[in-house]
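The following paragraphs lead the reader through selected parts of one structure. They turn to strand pairing and then to backbone angles.

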Amino acid sequence: MNKNIPIPFMISLLILFAMAAHSQHLSVDSTLYKNTWDNRNSRTTSIITNGTYRLALNPENENSFVFPCRDDAKVCSNYGIRGGRLHTGMDIKLNYKDSIYAAWDGVVRMAKTSYYGYGAFIVIRHNNGLETFYAHLSKVLVTENQEVKAGDLIGLAGRTGRATTEHLHFETRFLYEPMDPRTIIDFSTNRLKADSLIVRNKKFYGIQVNDTLAWENEVSSDTSVTAADSLTLTDSTKNTVAAVQPTPSKTPASKPNYHIVAKGNTLSYIAKRYGVSVKELCRLNNMKETDILSIGRKIKLR
Ligand SMILES: [Zn+2]
């Protein structure tokens with residue numbers, strides 16, 4: 001009988017359970033982000049500390065990066081100084097209601113129908129330590145604290161907030177500090193440029209491809225980091241403040257997660273090619289067999 005268990009004890013047990021359930025999907029972030037999990041504000045003050053962080057962009061045992069919208073969309077404005085102010089993301093021209101996808105696995109930190117100039121707006125915190133912002137949406141299809149997988153449909157494109165045309169404003173941030181998404185994403189192929197991103201002494205320092213440091217300190221104006229100070233794998237592990245993930249080794253998946261619709265593709269073609277039934281494709285993508293497949297659309301395969 002429960003009458004022997006004091007009520008305060010039961011309450012603390014319940015609180016412990018709730019905390020355990022909550023911390024579960026914030027495992028990596030809770031240390032990195034000093035336990036801050038704010039649904040109200042996007043936050044702008046960087047909390048990057050000195051030392052070296054290596055962020056896995058193509059993490060093991062996770063779905064890797066998925067470009068956040070259709071592949072044939074064109075960049076209409078880059079990250080950089082615009083009108084005397086820093087434009088903190090990439091603008092990608094889209095049509096009204098085009099699909100917006102989560103870039104990596106993660107948890108939705110913010111899902112707002114209106115957030116200042118961003119309009120309808122989503123922030124996802126990823127297991128690799130990055131956060132991505134998706135702005136000017138016409139519809140938000142996720143809720144705060146919801147877990148998402150790379151490539152999940154999270155919203156629809158629009159022009160809400162400070163926007164003069166339908167487009168996606170896409171940001172990549174680390175510990176609240178914006179960085180140029182082109183550092184890690186090639187916007188001509190819409191693929192990742194590297195396996196890891198290295199942040200060192202508060203600078204977006206380098207990217208690593210197949211264990212080789214491909215680039216160092218180009219975006220930074222900091223001259224204290226010289227070429228002689230180049231980073232090796234061992235150095236960076238030694239100095240690591242928060243190792244997010246080990247450097248990934250690429251293992252090809254037996255079946256990709258997505259198929260990008262090319263000219264002439266039909267549902268039955270895609271079904272046959274990947275050994276998935278048309279019915280299953282319809283279910284996974286929330287569509288009807290008679291729907292027309294637009295070129296560049298990502299079709300979920302599992
Ligand atoms: Zn923008």
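In this predicted model, strand S7 (residues 106-112) and strand S8 (residues 120-126) are paired in the antiparallel sense, with six bridges between them.

A residue counts as buried if 20 or more other C-beta atoms lie within 10 Å of its own. Six of the seven residues of S7 are buried, and the strand is therefore largely enclosed by the rest of the structure.

Attention now passes to the backbone angles in two loops. Lys34 is located in the loop that lies between helix H2 (27-32) and strand S1 (52-56). Its phi is near 50°, which is a positive value in a residue other than glycine. Is Lys34 buried or exposed? Lys34 counts as exposed because it has 10 C-beta neighbours inside 10 Å, and the limit for an exposed residue is 12 or fewer.

Leu175 belongs to the loop between strand S12 (167-174) and strand S13 (177-179). For Leu175, which is likewise not a glycine, phi is positive and near 50°. Leu175 has 22 C-beta neighbours inside 10 Å and therefore counts as buried.

Definitions and conventions. Residues numbered from 1 in each chain as written. Predicted model: local features only at pLDDT ≥ 70, side-chain atom pairs only at ≥ 80, totals over all residues. Helix = DSSP H or I, 4+ residues; strand = E, 2+ residues; numbered from the N terminus. Pairing = 2+ DSSP bridges.
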